[in-house]
Amino acid sequence: ERATTAIDDRIAKLQAEIADDPKQTQAFAVLRHLGQQKLAVVKQTVDLAHLGRRDQALELVKTDRGKRYMDSIRASIGEMRNAEKTRLAARDIEWERASTVSLSVIWGGSGLLLFLVVGAALMSSHDFQAQEVERWISKGQAELSVSMQGVETVEGLGERVAAFLGSYVSARIGAVYFAKKPGDLRRVGSYVLPAGAPGAGR
């Protein structure tokens with residue numbers, strides 16, 4: 001009974017961990033059913049042995065019902081493990097893409113902000129104005145970094161960056177492009193730009 005309780009607790013924990021994946025949840029339901037069938041066979045065998053009906057318990061073992069359930073359980077676990085590995089690999093790839101975009105945006109944004117600093121310094125020699133511009137740029141860098149936090153997809157980062165910079169510099173329109181490889185430029189974010197406007201997609 002204690003073993004059954006421990007198994008139920010473990011099952012509940014695993015079910016909670018995969019609740020966001022419909023396919024894994026469905027596969028887990030099949031696995032849980034197989035586990036219950038296996039435990040039922042084990043319990044029946046033990047009960048027969050305790051009642052002194054060892055011949056019947058032995059005959060039950062010889063039917064290989066328990067073995068068949070166990071083989072099905074192993075196969076089901078293997079399929080779920082492979083599916084989880086595939087999902088994790090896909091998440092790693094998307095995270096790497098998002099990280100690349102984040103670094104590109106940060107460096108590109110820093111270069112743009114540096115250009116603005118130099119331009120502002122050339123247009124005005126007034127120290128106070130230059131300091132105000134620097135503070136404005138530093139504030140923009142900090143807020144841009146915060147706005148990108150928690151985003152894991154390239155498209156999500158593109159939209160966040162476009163929306164922030166468009167609003168921060170009071171632009172009329174704006175777009176963010178990402179090149180996964182040379183010659184493969186595509187728009188991943190826009191500001192006040194219709195979805196069907198030229199330049200969307202590749």
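## Lining of the largest pocket

Helix 2 contributes 8 residues to the lining of the largest pocket, the largest share; helices are DSSP runs of H or I with at least four residues, numbered from the N terminus. Helix 1 (2-17), helix 2 and helix 4 (65-123) each supply at least two lining residues. The model is predicted: local features need pLDDT of at least 70 and side-chain atom pairs pLDDT 80 or more, while totals for chains, interfaces and linings use all residues. Residues are numbered from 1 along each chain as its sequence is written, and side-chain values use heavy atoms, without hydrogens and water.

In total, 20 residues line this pocket, with Ile-11, Leu-14, Phe-28, Leu-31 and Ile-77 nearest its centre. A pocket is an open set of points on a 1 Å grid over the protein atoms alone, where a 1.4 Å probe fits, with protein on both sides within 12 Å along at least five of seven lines; lining residues have an atom within 4 Å of a point. The volume is about 570 Å³, taken as the space filled by probe spheres set on the points.

## Packing of helix 2 and helix 3

The axes of helix 2 (residues 22-50) and helix 3 (residues 54-62) come within 7 Å and cross at roughly 155 degrees; axes are lines fitted to C-alpha atoms over the stretch in contact, with angles from 0 to 180 degrees between N-to-C directions. The two helices are therefore roughly antiparallel (angles over 145 degrees).

Terms used. Angles under 35 degrees count as roughly parallel, over 145 as roughly antiparallel, 65 to 115 as roughly perpendicular and the rest as oblique.
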